[in-house]
Amino acid sequence: MKELSQEEWQNQLKNDKDSVILDVRTEEEVEEGYIPNSKNIDIYKGQGFINEVEKLDKSKHYYIYCRSGKRSSQACTLLDQMGFSETYNLLGGFSEWEGEKTSD
């Protein structure tokens with residue numbers, strides 16, 4: 001896992017053809033807005049989270065965020081333990097995100 005500032009995250013993401021943005025917040029949090037093109041898998045679902053993550057391509061690079069950066073840090077550690085090649089945690093999370101946002 002690498003901890004990335006918003007600027008590092010955005011710059012790296014732009015040039016990464018193998019990137020997947022993973023949002024590990026709850027559905028309620030996602031309804032308030034999210035980073036475009038992100039896939040939501042709620043880390044609070046426990047085994048359900050693990051089951052969903054196991055379906056993902058381990059060779060891709062995962063850019064993971066939550067509200068503050070704590071849950072996404074846990075998710076990065078978990079994915080690392082499961083054999084994912086590269087995980088990146090967004091420092092400060094969505095609450096400090098100044099980049100593009102979307103809401104349904």
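Is R25 buried or exposed? I looked up R25 and found it buried, at 2% relative accessibility; buried means under 20% relative accessible area, exposed over 50%, and partly exposed in between (1.4 Å probe, protein chains only).

**Entry 1. Ground rules.** I am working on a predicted model, in which local features need pLDDT of at least 70 and side-chain atom pairs count only at pLDDT 80 or more, while totals for chains, interfaces and linings use all residues. Residues are numbered from 1 along each chain as its sequence is written, and side-chain values use heavy atoms, with hydrogens and water left out.

**Entry 2. The chain as a whole.** I listed 4 helices and 5 strands, with helices (H or I, at least four residues) and strands (E, at least two) taken as DSSP runs numbered from the N terminus. Read from the N terminus, the order of elements is β-α-β-α-β-α-β-α-β. The radius of gyration is 12 Å, close to the 13 Å that the globule rule gives for 104 residues, so the chain is as compact as a globular protein of that length. That radius is taken over C-alpha atoms, and the globule rule is 2.2 Å times the number of residues to the power 0.38. I noted a C-alpha trace spanning about 30 × 30 × 20 Å along its principal axes. Of the 104 residues, 48% count as buried. I then looked at contacts (heavy atoms within 4.5 Å): among those between residues at least 6 apart in sequence, 69% join residues at least 24 apart.

**Entry 3. The sheet.** I traced an open sheet of 5 strands in the order β1-β5-β4-β2-β3, with parallel pairing; two strands pair if DSSP finds at least two bridges between them. β1 (2–4) and β3 (38–40) stand at the edges with a single partner strand each, so one side of each has no neighbour in the sheet. From one strand to the next the twist averages 30°, with axes as lines fitted to C-alpha atoms (for helices over the stretch in contact) and angles running from 0 to 180 degrees between N-to-C directions.

**Entry 4. Salt bridges.** I counted 6 salt bridges, each a side-chain nitrogen of Lys or Arg within 4 Å of a carboxyl oxygen of Asp or Glu. The side chains of D18 and K60 form one at 4.0 Å, N to O. D18 lies in the loop between α1 (6–14) and β2, and K60 in the loop between α3 (47–53) and β4, so the pair ties together parts 42 residues apart in sequence. D18 is partly exposed at 35%, and K60 is partly exposed at 27%.

I came back to R25, whose side chain meets that of D23 in a salt bridge of 2.8 Å, N to O. D23 is buried, at 0% relative accessibility.

K45 and E27 pair at 3.6 Å, N to O. This pair links distant parts of the chain, with K45 in the loop between β3 and α3 and E27 in helix α2, 18 residues apart. E27 is partly exposed at 48%. I also found E29, R67 and R71 linked in a network of salt bridges.

**Entry 5. N37.** I looked up N37 in the loop between α2 (27–31) and β3. Phi of N37 is near 70°, a positive value in a residue other than glycine. N37 counts as exposed, at 74% relative accessibility.
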